[in-house]
Amino acid sequence: MNHIVGDLGDYQTPRLGRIEARTHPFVVQHLDPRKERSRAMSDYAVTPVQPIVQGLVTIPSGTPGGPVIFTGKGALPTVTRDPASGSGQGAFILTLDQGLPGNAGALQPLPDQPGATFPAVPDARTLVTVRGDPNIAPPVTTITQIAVAYITSPTPGVGVTQIEIVLTIAGVGTDPVGTNGNGFEVVVWKGVESP
Amino acid sequence: MTDYAAAPLQPIAHGVITIVSGNPVFTGKGVAAIFRGAFPGTFLLVLGAVATPQNPSIVGTQGLDPNFARSFVTVRGQATGGLPSTTIDQKSIDYPTQLGANVSIVRVVLVAAGVGVDPSGVNGNGCEVIVWYGNAGMPTGYSATLVGPLFNKPQ
């Protein structure tokens, strides 16, 4: 287990709040809410957006069901597929990269309040945009449904280490290749939950 | 802010909408209350007008100029077992106009196959919402010049 300390930082002082620092394999520290704002932020903002993951997921072979890669920062290059997808397509699991500054490799799985279990993963925010097929005009995508889910590590004391993105057409898992699209962009950042 | 950025992205509200016992609940920052709209799958988020130490957003009583409102919605996949997918195939945002043409309400609409649905059960497991102000930033030192409220049209 690497002892990676993440930070949200800000524009002036880059090491303010921890996202989730694992100083010990079973001890997890979360962002200190008192440090989430900085003088560089506008007064109306509740928190800055500084992604812990941003990149592009593609299937270089262009073949549905083919190997998937992540190009960007914050996640490992190898993307796995969820076998629960009956079609064998459309369900992609990104693994957070715990080796990067600003990303401790895990998100908080439950609210801060003792005993609280709702909502799960209260502060994860993910944005997904499918790229259209450039070979057709207009370059649209046929994918109609996009969902995200968060996978908690089975290791006690470790938070959410994987993010799943599910792309479907009428409920059928579909890869964003060919006429269905040309990969997808993904951004993940950590919000701050309510007190 | 980097010199190539057009504007900082600093949310005035962000969080997760979940359905508990049939009622919508918002967990996050910047939203003072959540209500159902007139149809299933329609939710009204009331932006907080008063800042508190735990919830520092200051939209103010004048609300937000809708021309500069920017929102994102991401549905969380169903947690009923199996593939965490969603049936929701249409998502939209609008800002109901209020007196004075400013807004303090963000309306989120979720639809599956043409019918409004809640993001619960097979339809999903809540949805993430981010609202930010799209006109932040100045050529020289936005932090020194941007002071709320955000709605600053001539009255």
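What pattern does chain B follow when read along the sequence? Chain B runs β-β-β-β-β-β-β-β-β-α.

## Model and confidence

The structure is a predicted model. Chain A has an average pLDDT of 78, and 73% of its residues score at least 70.

## Chain B overall

Chain B contains nine strands and one helix. It has 155 residues, of which 44% count as buried. Among its contacts between residues at least 6 apart in sequence, 60% join residues at least 24 apart.

## The four-stranded sheet of chain B

Four strands of chain B form an open sheet in the order E2-E1-E9-E5, with antiparallel pairing. Strand E2 (23–29) and strand E5 (69–75) are at the edges; each has a single partner strand, so one side of each lacks a neighbour in the sheet. Ignoring direction, neighbouring strands of the sheet are turned by 20° against each other on average.

Strand E1 of chain B covers residues 11–20 and is joined to E2(B) by seven bridges, the two running antiparallel. One point of reference in this pairing is B:Thr18, whose bridge partner in E2(B) is B:Val25.

## The nonpolar core

The largest nonpolar core has 64 residues. The members that touch the most other members are A:Ile165, B:Ile12, B:Leu45, B:Val129 and B:Val131, a list that includes residues of chain A and of chain B. Strand E9 of chain B, residues 127–133, supplies the largest share of this core, with six residues. In general, nonpolar side chains of soluble globular proteins tend to be buried together.

What does B:Val129 touch, leaving out residues up to four places away in sequence? Its contacts are B:His14, B:Gly15, B:Ile17, B:Leu45, B:Ser71, B:Val73 and B:Val108.

## Strand E9 of chain A

Strand E9 of chain A (residues 160–169) is mostly covered, with eight of its 10 residues buried. Strand E6 of chain A, residues 91–95, is joined to E9(A) by five bridges in the antiparallel sense. In this pairing A:Ile93 stands opposite A:Glu164. Strand E8 of chain A, residues 145–152, also pairs with E9(A) antiparallel, over eight bridges. Here A:Gln145 has A:Thr168 of E9(A) as its bridge partner.

A:Ile169 stands opposite A:Val172 of E10(A). E9(A) and E10(A) form a hairpin with two residues between the strands, and A:Ala170 takes a positive phi near 50° in this hairpin.

## A glycine in a loop of chain A

A:Gly62 lies in the loop between strand E3 (53–58) and strand E4 (68–73) of chain A. Is A:Gly62 buried or exposed? A:Gly62 is exposed, because 11 other C-beta atoms lie within 10 Å and a residue with 12 or fewer counts as exposed.

Apart from neighbours within four places in sequence, A:Gly62 is in contact with A:Val177 and A:Gly178. A:Gly62 and A:Gly88 are 26 residues apart in sequence, and their C-alpha atoms are 15 Å apart in space.

Methods
Residues are numbered from 1 along each chain as its sequence is written. Chains are lettered from A and ligands numbered from 1 in the order in which they are written. This is a predicted model: local features need pLDDT of at least 70, side-chain atom pairs count only at pLDDT 80 or more; totals for chains, interfaces and linings use all residues. pLDDT is the predictor's confidence in each residue, from 0 to 100. A nonpolar core is a set of buried Ala, Val, Leu, Ile, Met, Phe, Trp, Tyr and Cys residues joined through C-beta atoms within 7 Å. A residue is buried if 20 or more other C-beta atoms lie within 10 Å of its own, exposed if 12 or fewer, and partly exposed in between; C-beta atoms are placed from the backbone. Two residues are in contact if their C-beta atoms, placed from the backbone, lie within 7 Å. Two strands pair if DSSP finds at least two bridges between them. Axes are lines fitted to C-alpha atoms, for helices over the stretch in contact, and angles run from 0 to 180 degrees between N-to-C directions.
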